[in-house]
Amino acid sequence: YVDEFEDINAILKAVEHRHKRRTVFVSGAAHDYSPWSQGEAERFVYELSREISKEKFRVISGFGLGIGSAVISGVLEQTIMNGGRLDSEQLVLRPFPQTQSGNRPLPDLWREYRRTMLDHAGIAIFLFGNKLVNGEVVESNGMREEFDIAIEKGVFVIPIGITGSITRKLWEEVLQAFNVATHPRGNDILPLLQALGDEETDLNEAKKITLQLLKII
């Protein structure tokens, strides 16, 4: 029983919040995989995506440069090995439009596209984050925008700091802002987040830590 009509809205919001936590948005882009080799990085993304799918999370990806293919391979292999058929319950792919056909500028279109993708997610994982512009490797401004939108929408963000580039900065920001009192299991979450940027953490360990965080969250 509810005491006030407004309580129903609160209950539905809580149900929506829990439902979204089963969907993980993977944000990543890489022209340069430093401090790791391309092979190590692609294997990590593939294995992480496969394990996320194995734990019955749905994956959303914008098919980021150097990352998207490994995400698809991981989810696809896990689905086929499990005797299933790949559909939107396992993987949602949202490749970004690359040419402007209508009246809206591409940056505006991309921003709304990102907001729409993150509307469906409860957790967002960030990986690497760089691109090539005029022959120079620069940080991915698109990933920064996705991070800011995720924070705005109350999505739980997991930047894997050891992957470097802009994700390292996002990891530092998350640690600085994290308040254990605002999360039911904040004392369990904080050391795991810290380990994702620790120089002693390798990619295999980062994969295990990320999966631990997903289960806790």
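In this predicted model, asparagine 134 adopts a positive phi near 55° within the hairpin formed by strand 5 and strand 6, where two residues lie between the strands.

**The hairpin**
- Strand 5 (residues 130-133) and strand 6 (residues 136-139) run antiparallel and are joined by four bridges.
- Within this pairing, leucine 132 is found opposite valine 137 of strand 6.

- Five strands form an open sheet in the order 3-2-1-4-7, and their pairing is parallel.
- Strand 3 (91-93) and strand 7 are the edge strands, each of which pairs on one side only.
- From one strand to the next, the twist averages 20°.
- Six bridges connect strand 1 (residues 23-29) with strand 4 (residues 123-128) in the parallel sense.
- Alanine 29 has phenylalanine 128 in strand 4 as its bridge partner.
- Helix 6 lies across strand 4 and strand 7, and its direction makes an angle of about 135° with strand 4.

**Threonine 163**
- Threonine 163 is located in the loop between strand 7 (156-159) and helix 6 (165-177).
- Threonine 163 counts as buried because its relative accessibility is 0%, and the cut-off for buried is under 20%.
- Leaving aside residues up to four places away in sequence, threonine 163 touches several residues, among them Pro35, Trp36, Phe44 and Phe128.
- Serine 34 is 129 residues from threonine 163 along the chain, yet their C-alpha atoms are separated by 7.4 Å.
- The threonine 163 side chain also reaches the backbone oxygen of isoleucine 160, at 2.7 Å.

Technical notes:
Residues numbered from 1 in each chain as written. Predicted model: local features only at pLDDT ≥ 70, side-chain atom pairs only at ≥ 80, totals over all residues. Heavy atoms only, no water. Pairing = 2+ DSSP bridges. Buried < 20%, exposed > 50% of the residue type's maximum accessible area, 1.4 Å probe, protein only. Contact = heavy atoms within 4.5 Å. Polar contact = N/O pair within 3.5 Å; in protein donor to acceptor, adjacent residues only side chain to side chain. Axes fitted to C-alpha atoms, helices over the stretch in contact; angles between N-to-C directions.
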